[in-house]
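Please look over the sequence and the model shown here.

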Amino acid sequence: MPGAEFGFELRVCAWAERHWTPAEPDSRVLVARQLGTQRRRWDTVIVEADPEGVRTRAALGERELDPELLSLARHAPAEWTYYRDALPDPGYGWRYVREAVHRASARGVLEERKRSNRIEIRRVAPYPDWVRRIVAVENKPDLDASAARDLAAQLERDVALGLADEVWVATRADETRALVTEMPTAAGVLTVGGEMDATVAWHPRSLDPDATGVRVTAHGDPTEFEYVPPEEKRETRRRIAERAYGRGWRSYVETMRPDCRAFDLRRAGEGYVPFCRAKGREQTAAECAGSCAEFSPEPPGWRQRGWPIEGGPGQAVQRLLAERRRRRRTDAGD
Ligand code: SF4
């Protein structure tokens with residue numbers, strides 16, 4: 001059924017946020033969805049964060065740092081320094097770096113000033129090493145034999161690359177038997193029963209993100225692959241963690257239409273999932289768009305007259321989810 005996989009994914013995120021047990025008990029847990037690289041996108045990503053590190057990270061703002069800003073945050077010096085002396089040679093025009101410096105300074109990621117016609121920069125806070133572990137979860141509520149084979153092959157590639165510290169598949173409890181036998185033994189299996197009751201059916205093996213990984217580039221005979229050095233993996237992990245920090249897992253509401261009369265949020269286990277009253281079921285993020293045939297915008301009066309308090313239901317939903325995301329990030333920075 002459309003929407004079932006999306007709703008399952010949100011339930012897994014809500015469960016992980018509340019019940020995930022990090023490897024180090026004092027780690028803070030951040031959960032995000034649909035993150036990864038150009039080649040591979042994971043459904044749910046759990047970042048286990050160093051509590052002191054994530055507090056320091058908060059000094060650089062709530063929003064994620066894109067790769068340019070991340071590089072500036074990591075290299076900005078403690079004392080005022082000419083930007084070209086402080087930053088690594090970008091390998092392309094410095095004028096692009098200057099533009100990024102202006103953007104970073106406008107966002108409060110670093111400070112800039114002009115001295116003798118030269119731009120100098122200084123950091124507002126050191127960029128901390130705040131990521132302890134990254135756990136990737138593939139959500140597959142319903143599996144047939146051929147989907148299980150494809151998933152097993154995908155997980156084999158995740159294990160060979162070792163970008164995450166652990167890889168898991170989450171599925172419905174009644175799929176367990178087939179899954180455990182099909183999946184690579186290094187991958188964990190999480191079974192989800194009822195509204196949201198998850199149990200571990202198979203523990204994963206810890207992978208080594210600090211080791212050289214193997215990336216399959218072409219299937220065939222022979223299979224082609226390339227080695228991925230640890231430094232490239234570390235950089236990719238930092239970028240994934242930044243996106244998780246900035247987006248969390250509730251940002252789906254930004255692409256859906258909570259301003260539609262039919263949009264509703266229903267309680268599901270420990271969180272909320274979107275529910276479409278017009279379709280009478282949970283809708284996917286893709287179908288809940290302005291192009292939806294049943295889209296019916298809130299009357300302007302709801303929004304303009306502060307109905308019932310500061311805007312209509314759409315705005316209230318946005319506020320609820322934004323507030324929960326912010327609170328989660330703040331809790332992680334406690
Ligand atoms: S009718 Fe369409 S746009 Fe409105 S809530 Fe349902 S899926 Fe979303």
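This is a predicted model: local features need pLDDT of at least 70, side-chain atom pairs count only at pLDDT 80 or more; totals for chains, interfaces and linings use all residues.

Residues are numbered from 1 along each chain as its sequence is written.

**Ligand shell**
- The ligand is surrounded by 13 residues, a residue being near a molecule if its C-beta atom, placed from the backbone, lies within 6 Å of it.
- The closest are Cys260, Cys276, Cys288, Cys292 and Glu294.
- The shell holds eight nonpolar residues, one polar and four charged; Ala, Val, Leu, Ile, Met, Phe, Trp, Tyr, Cys and Pro count as nonpolar, Asp, Glu, Lys and Arg as charged, and the others, Gly among them, as polar.

**Helix H3**
- In helix H3 (residues 67–75), the buried residues are Leu69, Leu70, Ser71, Leu72 and Ala73.
- Buried means that 20 or more other C-beta atoms lie within 10 Å of the residue's own, exposed 12 or fewer, and partly exposed in between, with C-beta atoms placed from the backbone.
- Helices (H or I, at least four residues) and strands (E, at least two) are DSSP runs, numbered from the N terminus.
- The buried residues of H3 pack against helix H5 (94–107), strand S4 (110–115) and helix H8 (230–247), where contact means C-beta atoms, placed from the backbone, within 7 Å.

**Positive phi**
- Most residues other than glycine have a negative phi.
- Glutamine 34, in strand S1 (residues 28–36), has a positive phi near 60 degrees.
- Glutamine 34 counts as partly exposed because it has 16 C-beta neighbours inside 10 Å.
- Asparagine 117, in the loop between S4 and strand S5 (118–123), has a positive phi near 65 degrees.
- Asparagine 117 has 5 C-beta neighbours inside 10 Å and so counts as exposed.

Notes:
Two residues are in contact if their C-beta atoms, placed from the backbone, lie within 7 Å.
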